[in-house]
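This briefing goes through a structure by topic. Please have the sequence and the coordinates open while reading.

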Amino acid sequence: MKILNDSAVGKIHGINGPIIRVEHIRDTRDFFMSERVRVGEDGLMGEVVSLRNDPPLKTVTVQVYEDTAGLKPGTEVFGTGHPLSVRLAPGIAGHIFDGIGRQLDADGQTNDKKWPVRMLAKPGDKTNDGTFWSEVAETPSVIYKAILPIGAEGTVLSCVSDGEYTVDQVLLEIETPNGLRSFSLAQQQPVRVPRPIRRRLPLTRPLITGQRVIDGLFPIAKGGVAAIPGGFGTGKTMTQHQLAKWCDADLIVYIGCGERGNEMVEVLEDFSRLTDPRTGESLMARTVLIANTSDMPVAAREAGIYTGLAIAEGYRDMGYHVAVMADSTSRWAEALRELSGRMDEMPAEEGYPAYLASRLSAFYERAGYVENINGTEGSITIVGAVSPQGADFSEPVTQNTKRFVRCFWALDRRLAYARHFPAIDWMASYSGYAAELIQGEQAENRRKLLDILYEENRILEIIKLMGSESLPESQRLTLHMAKRIRGEFLRQDAYNPVDTFTPLSEQAAIVAGLLNG
Amino acid sequence: MNVEYLGAREIRGALLILEGVEDVAYDEIATITASDADTPPLTGRVIRIDGDVAVVLVFEGTRALSLTNTVTRFTGRPMTMPLSQEILGRTFNGMGRPMDGMGNISATVRLGINGTPVNPTHRIYPRGYVETGFSAIDGLLTLIRGQKLPIFTGDGLPHDRLAADIAANISTPSTAIVFAAMGVKHDIAEYFRRSLTESGALERSVLFLNLAGDPPTERIITPRCALTAAEYLAFDCGMDVLVILTDMTAYAEALREISSARGEIPSRKGYPGYLYSDLASLYERAGIIKGKCGSLTQIPILTMPGDDITHPVADLTGYITEGQIVLDRALYQRGIYPPINVLPSLSRLMKDGIGEGKTYKDHPDLAKRLFASYAKVSDARAMVSIVGEEDLSEADRKTLAFGRYFENDFIRQRQGESRTLEETLGLGWDLLSSVL
């Protein structure tokens, strides 16, 4: 392994699962927080999570992203001098990565693959923060745009002509006030720091999902945040698959966080087979998968969420609308809890660390509809699944999530048992975006639909007490209408090739038919 | 490495804490003996290291060890299991050592018992239908080869019989059955052995027994040995392997016991915060792997304390496994076997394993209709308890009748009755057309 002369070096003192305590060897550079480290001869990847000075010793706590079985005290740990990062370069869209951004499938982000590059910059061009300087057709539906980072203001000194290049080849040189800088297609992006933006824009455009209960009753905006809480078997993953398949985003980042391996295979197989109705290409061509399945090391589960977000922000800066599916944020919170426990931190509620709420809020805050640093517009929509223990929505992860999302699609076990899917409970769900996104006649119809459903709920309560014999005719009519709304509008068959996606115009027609019929 | 460490700093529950150790690796296995007692050597695993202090979890328990008589030798390797085709037909204890008096296994390979995480792109999505002979399962909760489908049950319900019947019904010459008992009573283990003998599957079976009276810490190892044997049979020998793990609740309790001894911060009901990850490290070992011909199907059994489906073990299991078969006390009291309540039950892999070209074209449609019709039954029954059967509407009456026939004719099966899928589907359509 290559060791830099100025590396920070330490030796393992203690090991407790994925958490190792390292004694810093004096006379080398200090470790810094969030520094990526390499452990032992195999170079296991880890990250610095805390530092402590106990004269004469300095100790460093590291979370290791790989299996620590076989590690011994005394093993050397080296700082890389870089924070945990993901490499933004062509070869991401259409592929699958683990929680720390290592590719899991063959053939994609390989170092020697040559990409057809079309140069946008010419010698003599003025450059600025975020200037697009070249593009690559990454997949049939995604064009990768190489972006200059902040501080690349200057003049293009030289650049290659259009042609085929690898991601690490230097293609562009810029004369900046601080000297000459050269660029390749690849860019290291620290995962825990949000990429800069110029400003946030109001959320006024819907993310169209083709799912009637969402678009019609509880819509989400591009750049918005939604949570899908539900007990096991209520269809969280299914709902996220449906959104990932049919929503009108340009790119989907699907983060499988502590979930089933087979579900990842299902996405890979299904999405490769299905056609994106907007581009006519395979759905996989606009999808990035981050897979940290439940049998993979727990620390990488914690990092996977950020790896996914860093990729999403990279594409947002190219001017795309990105939708991030995080399945499941509860597993991520549990990873936080496990790591926190191993570090002997003082717990707050149900063993979760006290920083659970702030980590969740920082995560959801990375969504938004923004003006990028180069003036283009892009958005990140985040949909997080929540897996409450015992389907009890009062547990800490659901409660803390609720504080930071404006769209809440509560899944209900009774609906799922009756095989009413999507099992989104219209009595418990809400959308803070509805007033902005649904207006005019549609808003009026939405209000009518909800009225009928609420009224049905009230009548059903009465029936439970009195039976249905004595109901007045008007209430019978309401029940009849509500039943049709549930059966023909709310319920949607994901496996039926036609019913799986309903365009907005058809949705409006169905609603009009239900209300007037 | 032949260094022996004499004595200990602390012994607490199953934990042995040593001081002054050198060159010990995390997760490595140690052999422990009491120098003055004539007991067989114990096995332990390093679960924490702090400088020269090592915490060793002793699987068989620390009885007879003292602060001075303890002799510990570190083996320098994680726990492995010797394996060859000879394991078929054999019985092992909870630590994976032969206990049937037929001698040691002459191994062709030694495999680590912890398994390794599977790169999802190396998996094949399971789609192959398995006929269990039970209408409730085949028709509505179809079992797929390579699936992990647990039985959620309660004390006194016939989960053992159901698991044994499924094992007998799906058994073919290329099927192997791996049975792992964790903290179950000896007569249950005996029941499985007898049942496997009667169906002729015993010679293709491997049994791992940690019984109710055996050391609880050993239960952490038992399912891992069983799954390692199963992976060997599936992916090295190309067999279709069914693994029955029982009782997962006892397993989780053992985990809780150790966690408590380690002084870890508990989450729900005292279970450790990593219960989910730990269970997943077992359940995720089911599946089909690219380039290998066998498959590994799991039917874990877990008893829900107080029949509570929100209990942490059931709850976390449901989040990991690909569905669940839920047994129902009320059905069982009415003499219905198998007492499967299909509404809270689910087979997540069913959708891609049934229908045209896989089972029958009308299978998905029938399942959907039966679910929809049966979902109304409990509402109608609730209505009866309010207004009485006299004042029911005609539709509600039909629904009630459907519920009775569905439970008595479709769900219920006679002793030894095994139905083909064709019979199951025929029965389902008859029921829908005659009653509704």
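In this predicted model, strand β9 (residues 115-119) of chain A and strand β11 (residues 132-139) of chain A run antiparallel and are joined by three bridges.

**Sheet in chain A**

**Contact between chains A and B**
- The contact involves 48 residues of chain A and 51 residues of chain B.
- On the side of chain A that touches chain B, at least two residues each come from β1 (9-16), α3 (261-273), β21 (287-293) and α5 (329-342) of chain A.
- The largest share of that side is supplied by α3(A), with seven residues.
- By residue class, the side of chain A that touches chain B has 18 nonpolar, 17 polar and 13 charged residues.

**Strand pairing across the chains**
- β1(A) pairs with strand β5 (residues 42-50) of chain B over two bridges, in the antiparallel sense.
- A:Gly14 has B:Asp50 of β5(B) as its bridge partner.

**Domains of chain B**
- Chain B is assigned three stretches: domain 1 (4-77), domain 2 (81-353) and domain 3 (363-435).
- Taken over C-alpha atoms, the centres of domain 1 of chain B and domain 3 of chain B are 59 Å apart.

**Helix packing in chain B**
- Two packed helices are described by the angle between their axes and the distance between the axes.
- For helix α10 (residues 363-387) of chain B and helix α11 (residues 394-411) of chain B, the angle is about 115° and the axes are 8 Å apart.
- α10(B) and α11(B) cross in the left-handed sense.
- α10(B) contributes B:Ser373, B:Tyr374, B:Lys376, B:Val377, B:Ala380, B:Arg381, B:Met383 and B:Val384 to the contact.
- From α11(B), the contact takes in B:Asp396, B:Thr399, B:Leu400, B:Phe402, B:Gly403 and B:Phe406.
- Eight nonpolar, three polar and three charged residues make up this contact of α10(B) with α11(B).

Key. Residues are numbered from 1 along each chain as its sequence is written. Chains are lettered from A and ligands numbered from 1 in the order in which they are written. This is a predicted model: local features need pLDDT of at least 70, side-chain atom pairs count only at pLDDT 80 or more; totals for chains, interfaces and linings use all residues. Domain bounds come from an automatic or database domain assignment. Axes are lines fitted to C-alpha atoms, for helices over the stretch in contact, and angles run from 0 to 180 degrees between N-to-C directions. Helices (H or I, at least four residues) and strands (E, at least two) are DSSP runs, numbered from the N terminus. A crossing is left-handed if the near helix is turned anticlockwise from the far one by less than a right angle, and right-handed if clockwise. Two residues are in contact if their C-beta atoms, placed from the backbone, lie within 7 Å. Ala, Val, Leu, Ile, Met, Phe, Trp, Tyr, Cys and Pro count as nonpolar, Asp, Glu, Lys and Arg as charged, and the others, Gly among them, as polar. Two strands pair if DSSP finds at least two bridges between them.
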